Amino acid sequence: MPHKLLGLSGALRSGSTNRLLLREAARLYGAADYVEADLNLPLYDGDLESESGLPGGVNTLVAQIAEADALLISTPEYNAGVTGVLKNALDWISRHSEKPMVGKPTALMSAAAGRAGGVRAQTMLRSCLVAFRPRIALGSEFGLANSSNEFDADGRLTSEHYTASLTALMEALKDDVGRSQ
Ligand SMILES: Cc1cc2nc3c(=O)[nH]c(=O)nc-3n(C[C@H](O)[C@H](O)[C@H](O)COP(=O)(O)O)c2cc1C
């Protein structure tokens, strides 16, 4: 059975380089079924939760995480941190009775306009994820700098250096999936 990969992008826009990066990571992982989660969720609001429970999109997201063999999370850097979109999704997930990320093999990456490739956002993301206890794949931190100029028309990374580094991260993730099955 091909592994099931779920992508979480910290950017919503259709042309997002983080979404491109997630798809490229899934391709480099090898034979796998890749699905991207919809993080276009309402803003977390305790009143909404009290009155209506968790939104349907949150329940779907939690079920997708639970079913996935591995997660790919990519975030842009917004003002030196993780995006509100991704943090909001994590806040909703934390309100669910299931804890779908515990022990889940997970690869973190970022794509940003700046020279550091969004690594400050990744650092913050790692901190936010501590309570969710995912199994984060070890490897060099993957931050794609100047991201709007790093993909060709087919959505492939053009740089050999980045491709090799992302492939290594996907190998580490695959090893973690193998160990957790
Ligand atoms: C609100 C906002 C804040 C940003 N702050 C940063 C930043 O701190 N560092 C950085 O490298 N890029 C910053 N950028 C530029 C993003 O890195 C760039 O728009 C990136 O392509 C977004 O990812 P996407 O292509 O997936 O949408 C910011 C962009 C926005 C919209």
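The views below are of a predicted model.

**View 1. Threonine 123 in helix α5.** Helix α5 covers residues 119–129, and threonine 123 is part of this helix. Threonine 123 has 17 other C-beta atoms within 10 Å, so this residue is partly exposed. Isoleucine 73 is 50 residues away from threonine 123 along the chain, and the C-alpha atoms of the two are separated by 13 Å.

**View 2. Residues around the ligand.** There are 17 residues around the ligand. Those that come nearest are Ala11, Ser16, Pro76, Ala112 and Gly114. By class, the shell consists of 7 nonpolar, 8 polar and 2 charged residues.

**View 3. Packing of helix α1 against helix α6.** Helix α1 spans residues 17–29 and helix α6 spans residues 160–180. Their axes are 9 Å apart and form an angle of about 65°. The crossing of α1 past α6 is right-handed. On the α1 side the contact is made by Glu24, Ala25, Leu28 and Tyr29. On the α6 side they meet Leu166, Thr167, Met170, Leu173 and Lys174. The contact of α1 with α6 comprises 6 nonpolar residues, 1 polar residue and 2 charged residues.

**View 4. Leucine 8 and the largest nonpolar core.** This core has 46 residues. Leu8, Ala25, Leu71, Leu72, Ala89, Ala107 and Leu173 are the residues with the most contacts inside the core. Leaving aside residues up to four places away in sequence, leucine 8 touches Ala37, Leu39, Leu71, Ile73, Leu86 and Ala89.

**View 5. Asparagine 88 in helix α4.** Asparagine 88 belongs to helix α4. This residue is partly exposed because 16 C-beta neighbours lie inside 10 Å. Residues up to four places away in sequence aside, asparagine 88 touches Leu41, Leu43 and Tyr44. Glycine 10 is 78 residues from asparagine 88 in sequence, with 9.8 Å between the two in space, C-alpha to C-alpha.

**View 6. Glycine 155 in the loop between β6 and α6.** Strand β6 covers residues 142–144, and glycine 155 is found in the loop between this strand and helix α6. With 13 other C-beta atoms within 10 Å, glycine 155 is partly exposed. Not counting residues up to four places away in sequence, glycine 155 touches Leu20, Arg23 and Glu24. Leucine 21 and glycine 155 are 134 residues apart in sequence, and their C-alpha atoms are 8.2 Å apart in space.

**View 7. Positive phi at alanine 80 and arginine 133.** Most residues other than glycine have a negative phi. Alanine 80, which is not a glycine, has a positive phi of about 70°. Alanine 80 sits in the loop between β3 (70–75) and α4 (84–94). Alanine 80 counts as exposed because 12 C-beta neighbours lie inside 10 Å. Arginine 133 also has a positive phi, near 50°. The loop that holds arginine 133 lies between α5 and β5 (135–136). Arginine 133 has 12 C-beta neighbours inside 10 Å and therefore counts as exposed.

Notes:
Residues are numbered from 1 along each chain as its sequence is written. This is a predicted model: local features need pLDDT of at least 70, side-chain atom pairs count only at pLDDT 80 or more; totals for chains, interfaces and linings use all residues. A residue is near a molecule or strand if its C-beta atom, placed from the backbone, lies within 6 Å of it. Ala, Val, Leu, Ile, Met, Phe, Trp, Tyr, Cys and Pro count as nonpolar, Asp, Glu, Lys and Arg as charged, and the others, Gly among them, as polar. Axes are lines fitted to C-alpha atoms, for helices over the stretch in contact, and angles run from 0 to 180 degrees between N-to-C directions. Helices (H or I, at least four residues) and strands (E, at least two) are DSSP runs, numbered from the N terminus. A crossing is left-handed if the near helix is turned anticlockwise from the far one by less than a right angle, and right-handed if clockwise. Two residues are in contact if their C-beta atoms, placed from the backbone, lie within 7 Å. A nonpolar core is a set of buried Ala, Val, Leu, Ile, Met, Phe, Trp, Tyr and Cys residues joined through C-beta atoms within 7 Å. A residue is buried if 20 or more other C-beta atoms lie within 10 Å of its own, exposed if 12 or fewer, and partly exposed in between; C-beta atoms are placed from the backbone.
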